[in-house]
Amino acid sequence: MRGGLALGVLFDLYRVLSGQLKVPLWLKGLCDLLYWLIGTLVVFKLLYESNGGEVRPFIFLGLGIGIILYFLLFSRPVIRLIVLIIRIFVTIVRIGKRMIELFLIKPVIWLYRFTIIFLGFLSATAIFLFKIMLQLCYPVWKLLLWLVKPITRRLRIPIPAWMKKTGQSIAGWFRRFF
């Protein structure tokens with residue numbers, strides 16, 4: 001009779017889980033096979049404990065009576081209990097996911113955004129200060145060119161073309177910032 005009750009509980013567990021998990025059709029056959037394998041092992045373990053593993057006709061009668069009693073008396077409460085346990089488990093998983101999102105993922109996202117904004121602010125400030133520095137250095141640059149021009153004319157040192165081109169590109173680069 002204990003074996004019949006155990007098979008009934010196992011069957012309800014299998015039935016509720018396969019319904020809740022929406023097992024695909026191709027996997028149901030494998031699940032059925034797994035149910036019967038586990039059921040057989042449970043019955044043989046109970047049979048071995050109770051009478052040394054002897055199989056007699058009254059064993060099958062006891063299994064049948066146990067299954068019938070289980071389905072008449074205990075099936076609905078066990079199904080409700082299994083559904084409740086599944087709901088509790090799903091709720092715990094949902095709360096766990098939310099906690100991970102709130103305490104791990106969101107702070108990392110906010111820290112990333114704050115870092116990007118802060119680095120953007122620092123780079124904008126650095127560009128602003130660089131432009132001010134260039135504007136302050138521009139008169140000194142013009143004065144330096146004005147002072148060097150007579151020396152280069154008196155010495156009549158020919159300036160190579162590559163140096164002129166480099167100087168022009170540097171001057172163009174400086175003009176871009178003003």
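Predicted model: local features only at pLDDT ≥ 70, side-chain atom pairs only at ≥ 80, totals over all residues.
L72 is exposed, its relative accessible area being 69%.

The crossing of α1 and α3 is right-handed. The residues of this contact divide into 17 nonpolar, 6 polar and 2 charged.

Charged side chains come next. Side chains of opposite charge can pair when their charged atoms come close. How many salt bridges does the count give? It comes to 3 salt bridges, taking a nitrogen of Lys or Arg within 4 Å of a carboxyl oxygen of Asp or Glu as the criterion.

One of them is in helix α1, where R15 and D12 lie 3 residues apart, about one turn of the helix. The N to O distance between the side chains of R15 and D12 is 2.5 Å. Is D12 buried or exposed? D12 counts as buried, because its relative accessibility is 0% and the limit for buried is under 20%. R15, in contrast, is partly exposed, with a relative accessible area of 37%.

Another salt bridge joins E49 and K45, whose closest N and O atoms are 2.5 Å apart. Both residues sit in helix α2, residues 25–51, and because they are 4 residues apart there, about one helical turn separates them. E49 is partly exposed at a relative accessible area of 48%. K45 has a value of 52% and is exposed. The two labels differ because the line between partly exposed and exposed is drawn at 50%, with E49 at 48% and K45 at 52%.

The salt bridge between R98 and E101 has an N to O distance of 3.4 Å. That distance counts because the cut-off is 4 Å. R98 and E101 are in helix α3, and since they are 3 residues apart, about one helical turn lies between them. Both R98, with a relative accessible area of 43%, and E101, with 30%, are partly exposed.

Two further residues relate sequence separation to distance in space. L144 is placed in helix α3 and is partly exposed, with a relative accessible area of 45%. Where does I127 lie relative to L144? The two are 17 residues apart in sequence and 25 Å apart in space, C-alpha to C-alpha.

G53 is placed in the loop between α2 and α3. With 34% relative accessibility, G53 counts as partly exposed. G53 and V43 are 10 residues apart in sequence, and their C-alpha atoms are 9.8 Å apart in space.

Conventions
Residues numbered from 1 in each chain as written. Heavy atoms only, no water. Buried < 20%, exposed > 50% of the residue type's maximum accessible area, 1.4 Å probe, protein only. Left-handed = near helix turned anticlockwise from the far one by under 90°. Helix = DSSP H or I, 4+ residues; strand = E, 2+ residues; numbered from the N terminus. Nonpolar A, V, L, I, M, F, W, Y, C, P; charged D, E, K, R; others polar.
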